[in-house]
Amino acid sequence: MTGSGAGAPASCWSCAGPVDAALPFCPTCRAVQPPRPLDHFARLGLPVDFALNIAELDRRYFALQRQLHPDRFATKTARERAISQSQAVSLNEAYEALKDPLERAIYLLKIKGVDANPDGCHTVKDPTLLMEQMERREALMEASTPSAIEALAREAASHVSESEAAIAAAFAAGDLDGAGRETTRLKYLVKLLEEARARKARLTAERSSAA
Amino acid sequence: MQFLQIHEPGETPLPHEQERGLAVGIDLGTTNSVVAIARQGKTEVIRDAAGSALVPSVVAYGEDGVVRVGEAARRELEYQPETVVSSIKRLMGRGAEDVKTLGGTLPYELGPPAEGGMVRLKIGERVVSPVEVSADILRTLKDRTEIALGQNVDRAVITVPAYFDDAARTATRDAARLAGLEVLRLVNEPTAAALAYGLDSGSEGLYAIYDLGGGTFDFSLLRLEKGVFQVLATGGDAALGGDDFDHAIAERFFKERGGTVSADDTKQMLMVAREAKETLSEQPTWSARIAIGDVQSSHTLDRATLESVIAPWLDRTLTICRGVLEDAGVEPAALGGIVLVGGSTRTLLVRRKVAEFFGREPLADINPDEVVAVGAALQAEALTAGSDTLLLDVTPLSLGLETMGGLVEKIIDRNTPIPVAKAQEFTTYQDGQTAMAIHVVQGEREMVDQCRSLGRFELHGIPPMVAGAARIRVSFAVDADGLLTVSAQEKTTGVEAGIAVKPSYGLSEDEMAEMLRASIDNAREDMDRRLLAEARVEARRAVNAVSSALVADGDLLNAVERGAIDQAVAAVEKAISGNDRDAIGASVEVLEQATQQFAERRMDRGIRAALAGRHVDQLR
Ligand SMILES: [Zn+2]
């Protein structure tokens, strides 16, 4: 989104003049404008792409929050305060969705028309994936020392990185089916990693309270 | 990305600030409170004649009708302990039922709860709520600043523990309102500390704030980067603090001396316990001969014993630290530093345990008692005078709804950046069901009865349908203060119900109004002044909008039309300089009517320009 050609201008609520729909501020009177329906990438001024530079994402997010966060409008009119809050809400939503690779993959598939089935734990059709995950989960359940769990968590973490790279490659090649399959796998791996961390934390806490 | 440049950061200069009083930062603590102010980035902690910044969070409601706050109230502990209230922060936003589960001997006598179930204390003939007690402390801080600086104080940033739930936050806001302070923002204590610390040291990177106060513990993980203070994760316990140490020591002393213990005895023994604890931060042993009630006794305590008494609480804080780090996937080694905040971090064992856990010495070169108020003052200045720094905070606890079988459906997860809005659809589970009860809870557990209940409301008028056909969308919104609003709507018919979640144990609007009437004579005046200020802000916004439009598109008007608009603008400006709120509002309305046709022409021009732009694009 570059701001031009985004269709008919909206009307500024404050000075009633024309405002390009993609702009958060009125070019004439500078009043903050309500958030428009933009996709998360456009909202943060980023290209629609899985391979995203996190430092750039942070930079854009911080720059926009600096202008739009309610803290900037504490002494403005009630209407401006309310609008800035909805702008900040939209920014946070976009940031949260893009920051995490799994969320980003699911979102990107969604806007490209593929339902990655976010709660689809029960509908995995890939038997290899199913076997792989069951084995890993069993190994985790059997691990009884923090160091054994740590080793499993490290392994899961490296699989997560590999999976993210595979998703990036699939998107780059325009292979949405492949990206979808790999996203389902990533979902499992992330869950496994979370469980490993939680189990390790529990075990460490038990040990330190027993000591 | 042209829109990044349109509005320069920090370009929110606020004209006519002098119409308003000063905006201060307040750390409303369990044990002590502190007030500070920032001007042009320079902070000043308000001190008494003796140079002390700490106002004990103690209030005495004398039989003579006089309310004493701070040192004066603490002195009353010796003579009339039954009139003295301390550690009231622990009861903020609590119901009578909660208090029973707080454990320990509370040094209060409870009165009949308020209408909404909020706990109240019985002090002699008086019955006071925690909100009123806190308001008395806030009023003292306000007065103290006004006397010290010779200026009116009417706005404040007030800090709360990051782990304070919605009920406690609302109670804090209500207390400020009672004290005649407009709350610019509630800021989490560790975030305020980070702001003061980061700006002071110019630090960048990941920092952990370990904040152990009198009654609350918070642990927050932040990223500091070029003026941005981004909270990544936070955890804590709203009922764990130095008070617990005092109670444990007091209990030990009572055991040593034997005999019965009254609520007043507890208050006095807690004073002794605190003195022992504080002495042991400086010296290896403490001993004293005391007389409480009719019993005389002598006690000794050495540092090793103190440490074994308080160790269990410190282990609990470290378990919380571990959880927060795990949550964020951060190793202790990745931290740029650990900052200690809160008076209880003066206890030597706290420093030792924290150093051991993180494998490095914590940073304690800032005054742990004052840093939170200083951060709040900086934020108050940022909000009123503009600033380049930005605080990005998170929700400390997950927010959800009760579903079938007493289970919790989470709508907003903990550690989500605020402000945030999320919605979820539910459906009816019985044929012909026309109402749905919505029970809002806060907490991490899966069962409703293990979470904190924030409020209940009902959505009525759902048209009778078969089970599962209705689509009820429940929306949660958390603002930048961490306060929640919930609303519900049936999507197929548009029937709506909403509440600003008034916590189960909060004040009703009527109770609030009654208290305002009773507590301050000038409440009405305060309110009028505030509404007048708001009307002026709105009127200036309208004048600014029209002036900008005239600069951009003034050529669309002939001289007569222009004259009419100029006249309407002049009328608004004249009204602004007066004190009549209604006249200001009326003049703005006239201005809006006078510019209606002008606005239409501007839109026409804008649409033509957009079409032309598109045409040019297509030619390329
Ligand atoms: Zn405008």
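This is a predicted model: local features need pLDDT of at least 70, side-chain atom pairs count only at pLDDT 80 or more; totals for chains, interfaces and linings use all residues.

Trainee: What makes the meeting of the side chains of Glu444(B) and Lys410(B) a salt bridge?

Mentor: The N to O value for Glu444(B) and Lys410(B) is 3.8 Å, and the cut-off is 4 Å between a Lys or Arg side-chain nitrogen and an Asp or Glu carboxyl oxygen. The pair therefore qualifies as a salt bridge. Glu444(B) sits in the loop between strands E22 (436-442) and E23 (452-459) of chain B, while Lys410(B) belongs to strand E20 (residues 407-412), so the bridge ties together parts 34 residues apart in sequence.

Trainee: Why is Glu444(B) called partly exposed?

Mentor: Its relative accessible area is 23%.

Trainee: How do you know whether Asp555(B) is buried or exposed?

Mentor: Asp555(B) has a relative accessible area of 57%. Exposed means over 50%, so Asp555(B) counts as exposed. Its side chain meets that of Arg605(B) in a salt bridge, at 2.6 Å from N to O. This pair ties together parts 50 residues apart: Asp555(B) is in the loop between helices H13 (523-553) and H14 (559-577) of chain B, and Arg605(B) is in helix H16 (residues 596-619). Arg605(B) is partly exposed at 26%.

Trainee: Which side chain does Arg90(B) meet in a salt bridge?

Mentor: That of Asp243(B), with 3.8 Å from N to O. The two lie in distant parts of the chain, 153 residues apart: Arg90(B) is in the loop between strand E7 (84-86) and helix H3 (96-102) of chain B, and Asp243(B) is in helix H7 (residues 242-257). Arg90(B) has 14% relative accessibility and Asp243(B) has 4%. Buried means under 20%, so Arg90(B) is buried, and so is Asp243(B). Both take part in a network of salt bridges that also links Asp244(B), Asp246(B), Arg274(B) and Lys277(B).

Trainee: What makes the arrangement around the zinc ion tetrahedral?

Mentor: The angles do. The four donor atoms subtend 106 to 112°, and the label asks that all angles lie between 85 and 135 degrees, so the arrangement is tetrahedral. The ideal angle for four tetrahedral donors is 109.5 degrees.

Trainee: Which atoms are the protein donors of the zinc ion?

Mentor: The SG atoms of Cys12(A), Cys15(A), Cys26(A) and Cys29(A), at 2.2 to 2.4 Å from the ion. Donors must lie within 2.8 Å of such a metal, and these four do. Their spacing in sequence is C-x2-C-x10-C-x2-C, and both Cys12(A) and Cys15(A) are buried.

Trainee: How many salt bridges cross the interface of chain B and chain A?

Mentor: The rule finds two. In one salt bridge, the side chains of Arg223(B) and Asp58(A) meet at 2.9 Å, N to O. The contact involves 52 residues from chain B and 55 from chain A, and the two chains bury about 4800 Å² between them, with 59% of that on carbon and sulfur atoms.

Technical notes
Residues are numbered from 1 along each chain as its sequence is written. Chains are lettered from A and ligands numbered from 1 in the order in which they are written. Side-chain values use heavy atoms; hydrogens and water are left out. Donors are N, O and S atoms within 2.8 Å of the metal (3.2 Å for Na, K and Ca); water is not among the atoms, so sites may look incomplete. Four donors count as tetrahedral if all angles lie between 85 and 135 degrees; four count as square planar and six as octahedral if opposite donors are over 155 degrees apart and all others between 65 and 115; anything else is irregular. Buried means under 20% relative accessible area, exposed over 50%, partly exposed in between (1.4 Å probe, protein chains only). Contact means heavy atoms within 4.5 Å. Buried area is the accessible area (1.4 Å probe) that two parts lose on being put together, summed over both. Helices (H or I, at least four residues) and strands (E, at least two) are DSSP runs, numbered from the N terminus.
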